[in-house]
Amino acid sequence: MQIIILAAGEGKRIRSLTKGNHKSLLPINSNESLLSRLLHQLNEYEISKLIVVTGYQSELISSVVSQFQLNTKIVYNSRYKEDTNILSVKLAIKELNDNEPVIIIESDIYLDDLALKQIYFESKKDRSIWFTR
């Protein structure tokens, strides 16, 4: 199983909440952000490759991702200000292994444990899934 996490965007619509931080690093409790929670969840599954596409606040995202023991490749989208998630996906696809299912997750989504488990097992049936809001 391969995972792509899209974390390039600026989060312009919620800029008043982020205050110079990345939207996926917004706290959801006293010791976790959206992104760190997602990475903790992914640690429970057999993930052959994790590709995280960064752009805005790339160093912060890379720092959080590096704290986890996952086979991770960071890909930088230099056009994050002018393009949508489609370019980020295009950049990530270049790093994928052939013939292995993929789950694409946006970094600012809160996934319930059961929902992620269902998505994971569905994708094990040779299906690729893009989970978005």
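Me: Is glutamine 2 buried or exposed?
Reply: Buried: glutamine 2 has 0% relative accessibility, and the cut-off for buried is under 20%. This is a predicted model, so the values here are computed from predicted coordinates.

Me: Which element holds glutamine 2?
Reply: Glutamine 2 belongs to strand β1.

Me: What does the side chain of glutamine 2 reach at 2.6 Å?
Reply: The backbone nitrogen of asparagine 97. A polar atom of the glutamine 2 side chain also lies 3.2 Å from the backbone oxygen of glutamate 100.

Me: And which residues is glutamine 2 in contact with, leaving aside neighbours within four places in sequence?
Reply: Ser48, Lys49, Leu96, Asn97, Glu100, Pro101, Val102 and Ile103.

Me: OK, the core. How many residues are in the largest nonpolar core?
Reply: The largest nonpolar core has 25 residues. Ile3, Ile5, Leu35, Leu39 and Leu50 have the most contacts inside it.

Me: Which elements each supply at least two residues of this core?
Reply: On the strand side, β1 (2-7), β4 (49-54) and β6 (102-106) do. On the helix side, α2 (34-42), α3 (58-65) and α5 (113-123) do. The largest share, four residues, comes from α2.

Me: What about the second, separate core?
Reply: That core has 15 residues, including Ile51, Tyr80, Leu96 and Val102. As a general point, nonpolar side chains in soluble globular proteins tend to be buried together.

Me: Switching to charges. How many salt bridges does the count come to?
Reply: Three. In one of them, the side chains of lysine 23 and aspartate 108 meet at 3.5 Å, N to O.

Me: Where do lysine 23 and aspartate 108 sit in the chain?
Reply: Lysine 23 is in the loop between α1 (15-18) and β2 (27-29), and aspartate 108 is in the loop between β6 and α5. The two are 85 residues apart, so the pair links distant parts of the chain.

Me: Is lysine 23 buried or exposed?
Reply: Lysine 23 is buried, because its relative accessible area of 12% falls under 20%.

Me: Which residue does arginine 37 meet in a salt bridge?
Reply: Aspartate 113, with the side chains at 3.6 Å, N to O. Arginine 37 is in helix α2 and aspartate 113 in helix α5, 76 residues apart.

Me: Are those two ends buried or exposed?
Reply: Arginine 37 counts as buried at 12% relative accessibility. Aspartate 113 is partly exposed, with a relative accessible area of 47%.

Me: And which residue does arginine 79 form a salt bridge with?
Reply: Glutamate 82, where the closest N and O atoms are 3.0 Å apart. Arginine 79 is partly exposed at 39% relative accessibility, while glutamate 82 is exposed with a relative accessible area of 60%.

Me: Strands next. How many bridges join β4 to β5?
Reply: Five, and β4 runs parallel to β5, which covers residues 72-76. Leucine 50 stands opposite threonine 72 in β5.

Me: What do β4, α3 and β5 make together?
Reply: A right-handed β-α-β unit.

Me: How many helices and strands are there in the chain?
Reply: Five helices and seven strands. From the N terminus on, the order is β-α-β-β-α-β-α-β-α-β-α-β.

Me: Now helix α5. Is serine 123 buried or exposed?
Reply: Serine 123, which lies in helix α5, is buried at 0% relative accessibility. The serine 123 side chain reaches the backbone oxygen of tyrosine 120 at 2.7 Å.

Me: And phenylalanine 121, buried or partly exposed?
Reply: Partly exposed, with a relative accessible area of 43%. Phenylalanine 121 is also in helix α5.

Me: How many residues apart in sequence are phenylalanine 121 and methionine 1?
Reply: They are 120 residues apart in sequence and 9.9 Å apart in space, C-alpha to C-alpha.

Me: What about the chain overall?
Reply: Of the 133 residues in the chain, 48% are buried. Among contacts with a separation of 6 or more, 68% are between residues 24 or more positions apart.

Note on methods
Residues are numbered from 1 along each chain as its sequence is written. This is a predicted model: local features need pLDDT of at least 70, side-chain atom pairs count only at pLDDT 80 or more; totals for chains, interfaces and linings use all residues. Side-chain values use heavy atoms; hydrogens and water are left out. A nonpolar core is a set of buried Ala, Val, Leu, Ile, Met, Phe, Trp, Tyr and Cys residues joined through side-chain atoms within 4.5 Å. Buried means under 20% relative accessible area, exposed over 50%, partly exposed in between (1.4 Å probe, protein chains only). A polar contact is a pair of N or O atoms within 3.5 Å; within protein, one must be able to donate a hydrogen and the other to accept it, and residues adjacent in sequence count only if both atoms are side-chain atoms. Contact means heavy atoms within 4.5 Å. A salt bridge is a side-chain nitrogen of Lys or Arg within 4 Å of a carboxyl oxygen of Asp or Glu. Two strands pair if DSSP finds at least two bridges between them. A crossover is right-handed if, with the strands pointing away from the viewer, the path from the first strand over the helix to the second runs clockwise.
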